[in-house]
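Reader: Hey, can we go through this one together? I'd like to start with a helix.

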Amino acid sequence: METGDERAVLYGRAGCHLCDEARALLAAECARAGVSWREVDVDSDAALRERYGELVPVVEVDGVQQGYWRIDGARLRSALAPPSGADGARATSRIPWRRRRP
């Protein structure tokens, strides 16, 4: 069901086994994170079919593409993680070889 406040979107098509895998992963990770998602059939619109072509499935979270073809579960989980900090910014991992100078 589409409510308009879905954080994640799966762009796919019928008969696509990779879309089936992505759908199951997205459903599980969204349930874990407590967020809603929706699916869009790229074959329902010529512009979508042109845009995504053979890249399906494509997963977006908060409007940012997280992957296509084979969706990485860890990356998806990270994208769906709740914001951290009082300002709502997402935590970023520090790169160990880039240390701050005193």
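Reader: So which residues of helix 3 are buried?

Author: This is a predicted model, where local features need pLDDT of at least 70, side-chain atom pairs count only at pLDDT 80 or more, and totals for chains, interfaces and linings use all residues. Residues are numbered from 1 along each chain as its sequence is written, and side-chain values use heavy atoms, with hydrogens and water left out. In helix 3 (residues 73–80), the buried ones are Gly73, Leu76, Ala79 and Leu80. Buried means under 20% relative accessible area, exposed over 50%, and partly exposed in between (1.4 Å probe, protein chains only). Helices (H or I, at least four residues) and strands (E, at least two) are DSSP runs, numbered from the N terminus.

Reader: Where do they sit around the axis of helix 3?

Author: On the same side, because they cover an arc of only 125 degrees. That arc is taken from the directions from the helix axis to the C-beta atoms.

Reader: And what covers them?

Author: The cover includes strand 1 (8–12), helix 1 (17–33), strand 3 (58–61) and strand 4 (64–68). Contact here means heavy atoms within 4.5 Å.

Reader: New topic: which peptide bond is cis?

Author: The one from Val56 to Pro57, with omega near 0 degrees. Pro57 is in the loop between helix 2 (46–52) and strand 3.

Reader: What about Trp69, what's its phi?

Author: Trp69 has a positive phi of about 60 degrees, although it isn't a glycine. You'll find Trp69 in the loop between strand 4 and helix 3, and it counts as partly exposed at 41% relative accessibility.
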